[in-house]
Amino acid sequence: MSLTASRAALLHVALQDLRAGKQLLIERLSPLAEAVASSGLRKVIERDQANARRHAARLDHIADLEGAPSNLWMSGIMDDADRDACSHQRGAIRDTALIGALRKAKSAELVSIETAMALAGSEAPGMLPSLSANLAEDRATETKLARLLNTIGGQIPVS
């Protein structure tokens, strides 16, 4: 395995990582949408899956990202979300747990996009509009999830 030794190479690795994470969301968000009780949360998850498809297409348009290794952080977060979907009571408890998992995924995505943008700034500024569009949509999703956390999490009875 060769070591990454240039800004361009690191940008390529960052883009591959982002693309692999988007692919995991495309593949794994549907069962989570089915597992939630809140129709509002279901809509946010379904919209995020559609966004992930659009984001993946944007990434594919700006770079050849074939051969990307698996995205370990997104895989782990989605494994946790799957576990939450199976191990928590349906309703506000499960929905709150899944919001937490989805916000972890969104936070990781935001940091990764910001990293790619910092690298692309001088290396490949033509990539910035696509990356900025993905960033804006992911931030909007994070904001919606945070609002739902306050609403749904507040429905859990104190025991």
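Reader: If contact means heavy atoms within 4.5 Å, which residues in α3 and α4 meet?

Author: On the α3 side they are W73, M74, I77, A81, D84 and A85. These meet R94, A97, L98, A101, K104, A105, A108, E109 and S112 in α4. The model is predicted, so to speak of local features pLDDT must be at least 70, and side-chain atom pairs count only at 80 or more, while totals for chains, interfaces and linings use all residues. Residues are numbered from 1 along each chain as its sequence is written, and side-chain values use heavy atoms, without hydrogens and water.

Reader: Got it. How do the residues of that contact divide?

Author: The contact of α3 with α4 has 10 nonpolar, 1 polar and 4 charged residues (Asp, Glu, Lys and Arg are charged; Ala, Val, Leu, Ile, Met, Phe, Trp, Tyr, Cys and Pro nonpolar; the others, Gly among them, polar).

Reader: And at what angle do α3 and α4 pack?

Author: About 175 degrees, with the axes of α3 and α4 (residues 92-123) 9 Å apart. That is why α3 and α4 are roughly antiparallel to each other (over 145 degrees; under 35 is roughly parallel).

Reader: What about α1 and α3?

Author: Helix α1 (residues 7-35) packs with α3 (residues 72-87) at about 5 degrees, again with axes 9 Å apart. The two are therefore roughly parallel. From α1, D17, G21, L24, L25, R28, L29, L32 and A35 meet W73, M74, S75, M78, D79, A81, D82 and A85 in α3. The residues of this contact divide into 10 nonpolar, 2 polar and 4 charged.

Reader: Zooming out, how many helices and strands does the chain have?

Author: There are 5 helices and 0 strands (DSSP runs: H or I of at least four residues for helices, E of at least two for strands). Along the sequence the pattern is α-α-α-α-α. The radius of gyration, 17 Å, is close to the 15 Å of the globule rule for 159 residues, so the chain is as compact as a globular protein of that length (C-alpha atoms only; the rule is 2.2 Å times the number of residues to the power 0.38). Its C-alpha atoms fill a box of roughly 55 × 30 × 25 Å along the principal axes.

Reader: New topic: how many cavities of 30 Å³ or more?

Author: The count is 1 (on a 1 Å grid, points where a 1.4 Å probe fits but cannot get out; lining residues have an atom within 4 Å of a point). The largest cavity holds about 30 Å³ of space.

Reader: Which residues line the largest cavity?

Author: L29, V44, I45, D48, L102, T141 and L145. Of the elements, α2 gives the most, with 3 residues. The lining divides into 5 nonpolar, 1 polar and 1 charged.

Terms used: Axes fitted to C-alpha atoms, helices over the stretch in contact; angles between N-to-C directions. Parallel < 35°, antiparallel > 145°, perpendicular 65-115°, else oblique. Contact = heavy atoms within 4.5 Å. 1 Å grid on protein atoms, 1.4 Å probe; cavity = no way out; pocket = protein on both sides within 12 Å on 5 of 7 lines; lining within 4 Å. Points joined across faces, edges and corners; volume = space filled by probe spheres on them.
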